[in-house]
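Here is a short report for a reader meeting this structure for the first time. Look over the sequence and the model, then read on.

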Amino acid sequence: MTEGALGKTYSSGELIVRQGDEGNCMYVVQAGELEVVREEHDGNVRVALMNAGDIFGEMSIFERELRSATVRALGEARVLSVDKKTFLRRIQEDPPLAFNLVKIMSHRIRRLTEDLATLKAKTSPPAPRANGQERRSGRDRRHGGGRRSGVDRRASAAGRGRNA
Amino acid sequence: MSTLKTNAGADGCADSLVHPTQGNTPAPCTLGCAGGNDVRQWLGIVAQRTKLGLSDAQAYARAWGVIADTNPFPATLGRICPHPCETSCNREAKDGAVAINAMERFLGDWAIERHLPLRRLEGASGGASIGVVGAGPAGLSFAYQLARRGHRVAVYEQREHAGGMLHYGIPAFRLPKEILQAEIARIVALGVDLKLNVAVGRDVSVDELREQHDLLFLGIGAGNAARLGVPGEDGPGVVGGIEFLNAVNRGEGFETPSEVVVIGGGNTAIDAARAARRRGASVTLLYRRTREEMPAIASEVDEALAEGVSIEFLVAPTAIRRDAIGPNAVMVQRMTLGEPDESGRRRPVPVPGAPFAVPARLVIAAVSQTVDWGGLEPLESAVGKAQTENGAPDHHLWSGGDMLGLGIAGMAIAQGRHAAETVHAMLTGTEPPRAQRRAAAARDVAADFYPASPRAPLIERPVAERIAQPDLEVHETLSEQAFLQEADRCFSCGQCHGCQYCFMYCNGGGFVRIGQAEPGAYFALALERCLGCGKCIELCPTGYLSAAEAPN
Amino acid sequence: MSESLVQLLASEGINLPTEVVERGIEAYMLHMDVGSVRIRTPSEEKRIAGVFRGNGPRGSERSLRVGFDRYLLELAASSRVRVIRSLVTRVGWHEDRPEIEHGGGRRASYDLVALAAGVNSQLLQNGCEAAPAYTFPGTLTSFISEFHLGQAAIQASLGDAMHIFLLDLPRLEFAALIPKGDYVTLCVLGHDVDETVVDALLAAPEVRRCFPGGKVPQMACHCFPRLNVRPPAQPYADRLVWIGDCGVARLYKDGIGSAYRMAKAAARTVAFHGVSAKDFEAHYLPTCRTMNWDNTLARLVFMSTTLIQKLRPLRRGVLRMTSTEQANREKFDHMSSVLWDVFTGSAPYRDVLVRSCHPGFIASLTWNLVAGNAGALAGKRYGDGP
């Protein structure tokens, strides 16, 4: 972490957001790797990994819900926060500013839809056209299936490349 | 301004304020020119023509005028000068020196095509009668400089054509006769009385000359080929390089044998070899050192090789072997390079072993030349004394050119001009122009400022055509487009070219636009408004702006 | 670069690489004659970016990793913008389109010319040939210099903080020391800043203390750049729009941020509406007006900082209030947030003004004025005492 670094540095394991907390900002990963963990009744599930350039926590910018998952640093990581107030004010002034976030969120919905289909395919008899889905879910299993679901995962070609 | 200095000085930040000064540091090309030509100036006029509000034609004419100021032979020197100006060009390290010589040729040809005349200087005041012996570059340069200053000049030339070595020593494939004669005609048009076929000592005596003229200038060159000093040299079939070229240039229809050997490594040797090659001979050139030490222009050596001249390096002639017909071989000794001699070049020393034969039916000895004093013997001792000061002790006899020591044409032209300037000052009782101080050349140039642009290639005619048409010029003149592109490559080292960065970025308004801009004069300094940030100095790409010395 | 701009860019997917950011800044120190106080960023993270413009300080060209301007140009070029490296010397009109002259006489005309030449170039100083209605903005001379100290010395003497000086010196508005890599930048804002102002400032003990050994080192370079302090008349015309400092810009702080906002407003107008003066009037002018109005309010804000500068008792109150707030790490309010936003340019001046009119703010200030001055009489020191 050099002197030219922006944001706050977190050590390995340190929490950036905690599921259930109130949020008033979103985050942009500047360096390092983070994991997104969903705390369920029967234990924690890693739902995504994030790297430099990824944005998370943006849902709390637009709704008053509590944080939907916990994000923690895997190794040393650096994260910049973006204040809800600053951001919303700028969107009023410059609506296209929201475009990048809408794009990210739209991408996440697309992935969620895919994941949902995969889950349904697992739990119900395979439909004739579900072969492709089968293969994909199989590959996801081989790789631990950790990177798919939609917690604030930014569309990034680099991210996908790593996954494949 | 002083407060920042004094107060901060207590804390060690003195001299934070920097004020610019404008200084025309001489450009390396100008300093490199043997003829003392203001290369940067004429290049600048072309490159900056838009900023100066000149049309292309106006810019060419003005630029040509700047060259002609010191050198009345731009089309000629644009072809034959070994261009030391380019050797020192700051652009060399970036993407090749500016093709100054080729540009000079373009302007020279342009001026000939448009019949641009040489002009008398304003307020030309002379009225003396001047006699010049020898119509070579030195004599013609001297005649030109005095004629344009209003003096009456007569030039005595023993041969049929004026031009001296330029006419008789350089083959047409390097310098077409009509180009040279067109440039000479312009000098004559200034009122110079050119007396061809008049030999001093034969047609007119030295005493008559002294009587008719207030002073004399000798530019008789060095027309005697030096001897090799080896057995077998005397007799038919062995000629001097300069004699051979003279014969070729006179258009004499002599037979050239099939096997020719040329001895020497200078331009005359190369010219002679190439001329012989064009007469159908197989030519071998013998040189006692290596290619690196060869004084001839490197590109001419390349062209000679391309034309089929073969060159033997590190060989020295020991004898010329003859049979009943004439010479049949040059016996040579293999050499190697030893310690450097007084010229700084490594001295060739013989390698032990027997000499070997190089077949030759004609041997051209182009090793050196000496002065031919024929008819001028009474002046020989006076000139000998004059060599130190470039003027005889009695101020009535002057000289220049190869007779003072072999050199390039540009140097002869410069000697003629310097002598003329001194003479004119003497005759009019004015201060002679002071010899330019050899200041350090501008080297602090921001090469990165200028976009990359490769040097214009020389356009060379195909070898087969060259051999088939012996007088065909080897190179073509640059196209106008290439000429203008080449002008844009000039860094304008040490001189403002009006990039406007200083003006645009000075917060204080310390630069004031000059109404009638000139190369080197676009902005005047208004130092009273200078804030001392030094940004202008940092931005200046040419090194024209530099930090002024502190005024204490 | 202000906190708000860093955030804005990050949310648009532009994350400044560490080579561009000479130093991330997480706090600033406010220095007054009555004492100094450290104000942390609200979230204790490095949210302000110290960047070099242009080639950086004189002599740093070789060591400068990537300057901000070069980064931006490369970013633009990567979006298929053609970057022509040539000095523009005139903006005129050719037939029905604006034409620029550059590189010593070359000319090119375009459908639209956006002028972003700042206030330090001569290009627009005498107006613009192509748009007679445009006038050059009103400007003020400031002072910027660079000191080469090296990273280690900077870390020891200045840390990851900007240092703001609110000193009662003639013609001085305020001054700042900003650490950037191996250099420290000194910015002096005031009324017609000249060597006298700079000398007085460099002689002040509050400033000297920030340099290693209390000695002001030699300047690597300095300049007296102009600042835009009064908007130009009509920063748009048919096929022409002025952005950045030669157009409408934020007063004193966050110039890059305001340039970015105005540039986006102009670009939006062009992309969605058109390039006529009418289009700019309908869609660009409102953003200009908002900015101008906020700048009017800024004058009120800076009047109050001038008051603080001039009145010692007020300085004591401000110092006590800020240091008390800062002692309570959970809270970042009232004076801390107001001062933060004034000196970092993170929020509109309107917000700053609204917050300083909050009853809580006024009550707290009143109390601190009394307590601070009473404390001072009793010999008590607040903050990092003088």
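## Domains of chain B

The centres of domain 2 and domain 4 of chain B, taken over C-alpha atoms, are 32 Å apart. The bounds come from an automatic or database domain assignment. That assignment gives chain B domain 1 (2–23 + 496–547), domain 2 (28–116 + 444–488), domain 3 (129–223 + 371–428) and domain 4 (226–369). In contact are 6 residues of domain 2 of chain B and 7 residues of domain 4 of chain B. Two residues are in contact if their C-beta atoms, placed from the backbone, lie within 7 Å. The domain 2 side of this contact has 5 nonpolar residues, no polar ones and 1 charged. Ala, Val, Leu, Ile, Met, Phe, Trp, Tyr, Cys and Pro count as nonpolar; Asp, Glu, Lys and Arg count as charged; the others, Gly among them, count as polar.

## Basis of the model

This is a predicted model: local features need pLDDT of at least 70, side-chain atom pairs count only at pLDDT 80 or more, and totals for chains, interfaces and linings use all residues. Residues are numbered from 1 along each chain as its sequence is written, while chains are lettered from A and ligands numbered from 1 in the order in which they are written.

## Strands around β12 of chain B

Helices (H or I, at least four residues) and strands (E, at least two) are DSSP runs, numbered from the N terminus. Two strands pair if DSSP finds at least two bridges between them.

Strand β12 (residues 327–340) of chain B pairs antiparallel with β11 (residues 315–322) of chain B over 7 bridges. A hairpin of 4 residues joins β11(B) to β12(B). B:A319 has B:M331 of β12(B) as its bridge partner.

β12(B) also pairs antiparallel with β13 (residues 346–350) of chain B, over 4 bridges. Here B:M335 has B:P350 as its bridge partner. The hairpin of β12(B) and β13(B) has 5 residues between the strands, and B:G344 takes a positive phi near 90° in it. Strand β14 (residues 356–359) of chain B runs antiparallel to β12(B), joined by 4 bridges. B:A329 stands opposite B:P359 of β14(B).

## A sheet and a helix in chain C

Chain C has an open sheet of 3 strands in the order β8-β17-β16, with mixed pairing. β8 (113–115) and β16 (236–237) of chain C stand at the edges with a single partner strand each, so one side of each lacks a neighbour in the sheet. β16(C) pairs antiparallel with β17 (residues 240–242) of chain C over 2 bridges. C:Y236 stands opposite C:V241.

Helix α6 (residues 255–272) of chain C has 18 residues. From its first C-alpha to its last it reaches 26 Å, close to the 26 Å expected at 1.5 Å a residue. That expected span is 1.5 Å times one less than the number of residues. Its buried residues pack against α1 (3–11), β8, β17, α7 (277–283) and α8 (285–310) of chain C. Among them are C:I256, C:Y260 and C:M262. A residue is buried if 20 or more other C-beta atoms, placed from the backbone, lie within 10 Å of its own.

Chain A has 5 helices and 6 strands. Of its 164 residues, 32% count as buried.

Which chains have the most contacts among the 2 pairs that touch? They are chains B and C. Chains A and B do not touch, and their nearest C-alpha atoms are 27 Å apart. The contact of chains A and C takes 22 residues from chain A and 25 residues from chain C. β6(A) gives the most to the chain A side, with 4 residues.

Methods:
Buried ≥ 20, exposed ≤ 12 C-beta atoms within 10 Å, placed from the backbone.
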